[in-house]
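The entries below follow the order in which I looked things up.

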Amino acid sequence: METGIPARLWEADTPGGPEVAFVRDSDVPRHLDTLPDGSETLVIGDVEGAAESGHRQGQNDYGFLGTCGLCACEGVLRWFGVEVTEHDVVDHAVRNGLCHVSDVAAECGGTTMEQQARILSDLGVPAAVVEYRSLEELAMMLEEGRAAIIAANAGVLWNDADYWDYGQANHAVRVTGVARAPATGGIQGFYINDSGTGQDARFVSAADLTGGWLEAGGLAVVTDLVCTGRGDTIGTATDVAETAEQHQRATRTTP
């Protein structure tokens, strides 16, 4: 999306500025928008384009209802031009022992992060599980054009104590964009596609993602491939685990 907004807006060493390592020169779409509270924001990522592949989970012939991670995989695959349905992904997982199967439909289709990474890799989009220590590290990956699935706590995301359990990660959602303050580059929040509620392009504040994801382990499945828009794969970046370590070094503060 052409907006006239320069690709690089902030410097890492701005005196008194936020802990923004950099916003790299990138073809990833960005545009100015307004957050639910009325604040101006710079949205980085094709959030609306990614929402086109989102839907409520449970749309598979197996009758599985616990397919949040598999639906997130479906969205990532379709983003990179792999035309699959939820049923296709569920079927692959079942045939290869990559999801939970039981007599309880609500639990069937559950996946670990490692299984999600394996499914993506099997179906043509190499990915790996990464543990992050800050929101900035996740934002950097998205701003490179990578796709990400995070393991979060549904109770925090939905503001519903019935789904909090013990505060652990119990739900998978796809993260589709970053919201930064235009003046400073500080992270205001992220956008997600959530198959648990059927809400796509939903804004989640930085505070809620800190509590619901980072403090629940900070795990994410991140692609090696980069893409600026649905089906527009522009190549394989460096290995995601190696890049994550580089970003951690870049954002690490010294005492």
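Before looking at helix pairs I noted the convention: a crossing is left-handed if the near helix is turned anticlockwise from the far one by less than a right angle, and right-handed if clockwise. Helices (H or I, at least four residues) and strands (E, at least two) are DSSP runs, numbered from the N terminus.

**Entry 1. Ground rules.** I kept in mind that this is a predicted model, in which local features need pLDDT of at least 70 and side-chain atom pairs count only at pLDDT 80 or more, while totals for chains, interfaces and linings use all residues. Residues are numbered from 1 along each chain as its sequence is written, and side-chain values use heavy atoms, with hydrogens and water left out.

**Entry 2. The chain as a whole.** I counted 8 helices and 10 strands in the secondary structure of the chain. I then looked up burial, where buried means under 20% relative accessible area, exposed over 50% and partly exposed in between (1.4 Å probe, protein chains only). Of the 255 residues in the chain, 51% are buried. For contacts (heavy atoms within 4.5 Å), I found that residues 24 or more positions apart account for 64% of those with a separation of 6 or more.

**Entry 3. H2 against H4.** I took helix H2 (residues 68–79) and helix H4 (residues 113–122) next; they pack at an angle of about 30°, with their axes 10 Å apart. The axes are lines fitted to C-alpha atoms, for helices over the stretch in contact, and angles run from 0 to 180 degrees between N-to-C directions. H2 passes H4 in a right-handed crossing. On the H2 side I listed Gly69, Leu70, Cys73, Val76 and Leu77, which meet Gln116, Ile119 and Leu120 in H4. The residues of this contact divide into 6 nonpolar, 2 polar and no charged. In that count Ala, Val, Leu, Ile, Met, Phe, Trp, Tyr, Cys and Pro are nonpolar, Asp, Glu, Lys and Arg are charged, and the others, Gly among them, are polar.

**Entry 4. More on H4.** I listed the buried residues of H4 as Met113, Gln115, Gln116, Ala117, Ile119 and Leu120. They pack against H2, helix H3 (86–95), strand E3 (127–131), E4, E5 and E8. Just after H4, Gly124 takes a positive phi of about 110°.

**Entry 5. Strand E4.** How many residues of strand E4 (residues 148–152) are buried? I found 5 of the 5, so the strand is largely enclosed by the rest of the structure. Ala148, Ile150 and Ala152 point one way from E4, and Ile149 and Ala151 the other way. Two strands pair if DSSP finds at least two bridges between them. E4 pairs with strand E5 (residues 171–180) in the antiparallel sense over 5 bridges, and Ile150 stands opposite Val173 in E5. E4 also runs antiparallel to strand E8 (residues 219–223), joined by 3 bridges, with Ala148 opposite Val222 in E8.

**Entry 6. Ile149.** I picked out Ile149 in E4, which is buried with a relative accessible area of 0%. Not counting residues up to four places away in sequence, Ile149 touches, among others, Ala72, Cys73 and Val76. Ile149 and Arg174 are 25 residues apart in sequence and 4.3 Å apart in space, C-alpha to C-alpha.

**Entry 7. Helix H5.** I found 9 of the 9 residues of helix H5 (residues 135–143) buried, so this helix is largely enclosed by the rest of the structure. Among the buried residues are Glu136, Glu137 and Glu143. Just after H5, Gly145 takes a positive phi of about 105°.

**Entry 8. Aromatic pairs.** I noted 4 aromatic pairs in the structure. The rings of Tyr62 and Phe64 have their centres 5.3 Å apart and their planes at 40°, so this pair is tilted. Rings of Phe, Tyr and Trp (its six-membered ring) pair if their centres lie within 6.5 Å; planes under 30 degrees apart count as stacked, over 60 as edge-to-face and the rest as tilted. Tyr62 is partly exposed at 33% relative accessibility, whereas Phe64 is buried at 7%.

**Entry 9. Loop between H6 and E5.** Asn159 lies in the loop between helix H6 (154–158) and E5 and has a positive phi of about 55° although it is not a glycine. At 73% relative accessibility, Asn159 is exposed. I found Asp165 in the loop between H6 and E5, with a positive phi of about 55° although it is not a glycine. Asp165 is partly exposed, at 44% relative accessibility.
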